[in-house]
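Please keep the sequence and the model open while reading.

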Amino acid sequence: MERFLDFVEELSFVRVAGSPEEKKAAELVQREIELANAAAGKPGVCGELMPFTFPYAKVSRCSVKAQGKEIACVPYLESGNIDRECRLLFLGDGTEIDFAGVGDLSDTAVLLNKLTDEKTYKRLVEHHAAAFLLPKGKYYFSEKEASLYPLKLRDHFARNGVIPGFMIRSADAAALVRDETEQISLTLEQENYEAESQNVLAVIEGTDLKEESIVLTAHYDSVALGTGSWDNATGTAALLGIYRHFAANPPRRTMRFIWCGGEEQGLLGSKAYIAQNEKLLKEIGFCFNFDMCGTTLGTNVIFVTGEKELESFAEQYCKLTGYSAKIVPVVHSSDSAPFCDHEIPALGLSRETDSAEIHTIHDLMDTLSETAMERNVAFAIRMIGDVANAAVLPVKKGMSEERKKDLDKYFHRDTEEKKEEGTKKEKG
């Protein structure tokens with residue numbers, strides 16, 4: 001791989017989890033690993049494909065009609081089936097007040113402003129809503145600009161019950177409310193099945209501290225539209241550049257590289273890796289994650305998930321090396337999160353900008369810069385090298401209490417239920 005953006009461009013095609021295109025992307029990553037190993041004097045060695053399965057759905061019919069007109073729509077996958085005319089009711093943000101007095105909704109499709117809160121979804125279930133509709137994009141967006149694509153109904157919603165869901169343009173949603181539309185015709189026919197994705201794995205064995213490991217992650221899949229150039233062909237290419245360096249310069253500690261599949265469907269690849277490699281977790285002392293870098297305009301960001309000392313380490317390291325970056329202590333919504341959930345501290349090296357977009361048709365090559373990619377990767381190689389070659393890892397394993405609460409929230413765990421379980425164990 002001579003230039004980072006050459007590979008980013010080659011990888012810039014729709015590569016949804018479980019699709020032949022995602023498999024093709026995995027094979028391209030394998031090819032680059034093999035080339036890096038050949039350059040390091042280890043010809044014929046390429047990355048290992050680690051398959052895993054996940055529930056998914058194939059849609060045969062999906063339509064929304066109002067007042068005799070077809071409305072552009074996409075479904076929520078694994079949200080069930082429907083084929084009927086319903087009453088339409090707009091309930092704003094779906095708060096407790098919005099739902100007050102509405103009664104049974106078994107004959108009603110509910111239009112909401114948004115659906116980010118599990119409590120709102122539970123209200124839909126409790127009131128037996130026939131379906132739900134959500135708007136996307138600005139009111140003036142065309143169907144193409146609205147970037148409609150099917151989303152999977154998240155597990156923390158589905159555990160409360162399954163309700164057929166649709167996404168439509170904000171312009172169409174606004175027209176339905178403005179025109180006081182009373183009836184809407186909905187059709188959704190889908191079949192659930194087990195899809196297969198894969199992680200791409202490569203290991204560089206350490207020299208004298210090989211029993212200790214550092215894990216490095218980046219996802220190579222994309223959403224169902226756009227080229228996914230920034231998110232996350234750039235992170236994929238960055239991790240390949242880092243692999244190329246350390247394949248030729250093995251550090252003291254073992255380095256476990258994971259190019260994750262299925263991240264866009266809920267961190268599927270990193271979760272699958274942990275499920276299949278639980279015994280390795282005790283050896284892993286640090287995680288570096290790469291998700292979106294290399295934009296021409298923008299700010300370098302380091303997401304810090306761990307104890308307070310990890311935040312201090314990142315801040316001081318940037319000062320020592322002259323790397324300007326915003327330090328953000330948070331659970332990074334990327335493939336490092338499942339590792340952090342097992343007490344493994346993580347740094348997410350990224351770059352953010354208001355001049356580019358993800359998860360839309362506008363995630364394109366034009367926003368990226370070879371120079372920015374080189375700077376991001378050069379800093380990463382220096383930092384990772386210092387950690388991997390340190391006499392002692394600069395931070396211990398573990399999460400601060402604040403991050404533990406954040407992880408519970410991020411993974412949608414009921415903290416009250418956890419407290420009750422803890423109390424029962426103490427009494428038992």
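Helix axes here are lines fitted to C-alpha atoms over the stretch in contact, and the angle between two of them is taken between their N-to-C directions, from 0 to 180 degrees. The model is predicted.

Helix H2 covers residues 20–39, which is 20 residues. From first C-alpha to last it reaches 29 Å, close to the expected 28 Å. Its buried residues are Glu-22, Ala-25, Ala-26, Leu-28, Val-29, Gln-30, Glu-32, Ile-33, Ala-36 and Asn-37. After H2 comes Gly-41, with a positive phi near 85°.

Two packed helices are described by the angle and the distance between their axes. The axes of H2 and H7 come within 9 Å and cross at roughly 20°. Angles under 35 degrees count as roughly parallel, so H2 is roughly parallel to H7. The crossing of H2 and H7 is right-handed. On the H2 side, the residues that meet H7 are Val-29, Glu-32, Ile-33, Leu-35, Ala-36, Asn-37 and Ala-39. Their partners in H7 are Thr-236, Leu-240, Tyr-243, Arg-244 and Ala-247.

## Helices H9 and H11

Helix H9 (residues 308–321) packs on helix H11 (residues 370–388) at an angle of about 120°, with the axes 12 Å apart. That angle makes H9 oblique to H11, and the crossing is right-handed. Phe-313, Ala-314, Tyr-317, Cys-318 and Thr-321 are the H9 residues in this pairing. They meet Phe-379, Arg-382, Met-383, Asp-386 and Val-387 in H11.

## Nonpolar cores

In soluble globular proteins, nonpolar side chains tend to be buried together. The largest nonpolar core in this model has 60 residues. Those with the most contacts inside it are Leu-216, Ile-242, Phe-257, Trp-259, Phe-288, Phe-290 and Leu-347. Helix H7 gives the most to this core, with 10 residues. Apart from it lies another core, of 31 residues, including Leu-267, Leu-268, Ile-284 and Phe-411.

Which residues is Ile-242 in contact with, leaving aside neighbours within four places in sequence? They are Leu-216, Phe-257, Phe-290, Val-377, Ala-380, Ile-381 and Ile-384.

## Val-8 in helix H1

Val-8 is placed in helix H1 and counts as buried because its relative accessibility is 0%. Not counting residues up to four places away in sequence, Val-8 touches Ser-229, Ala-233, Thr-234, Ala-237, Met-365 and Leu-368.

## Backbone geometry to check

Most residues other than glycine have a negative phi, and most peptide bonds are trans. The peptide bond from Asp-231 to Asn-232 is cis, with omega near 5°. Asn-232 is in helix H7.

Glu-180 has a positive phi of about 55° although it is not a glycine. Glu-180 lies in the loop between H6 and E9 and counts as exposed, at 65% relative accessibility. In helix H6 (residues 170–178), the buried residues are Ser-170, Ala-171, Asp-172, Ala-173, Ala-175 and Leu-176. His-359, also not a glycine, has a positive phi near 60°. It sits in the loop between strand E15 (346–352) and H11. With a relative accessible area of 25%, His-359 is partly exposed.

Definitions and conventions. Residues are numbered from 1 along each chain as its sequence is written. This is a predicted model: local features need pLDDT of at least 70, side-chain atom pairs count only at pLDDT 80 or more; totals for chains, interfaces and linings use all residues. Side-chain values use heavy atoms; hydrogens and water are left out. Helices (H or I, at least four residues) and strands (E, at least two) are DSSP runs, numbered from the N terminus. The expected span of a helix is 1.5 Å times one less than its number of residues. Buried means under 20% relative accessible area, exposed over 50%, partly exposed in between (1.4 Å probe, protein chains only). A nonpolar core is a set of buried Ala, Val, Leu, Ile, Met, Phe, Trp, Tyr and Cys residues joined through side-chain atoms within 4.5 Å. Contact means heavy atoms within 4.5 Å. Angles under 35 degrees count as roughly parallel, over 145 as roughly antiparallel, 65 to 115 as roughly perpendicular and the rest as oblique. A crossing is left-handed if the near helix is turned anticlockwise from the far one by less than a right angle, and right-handed if clockwise.
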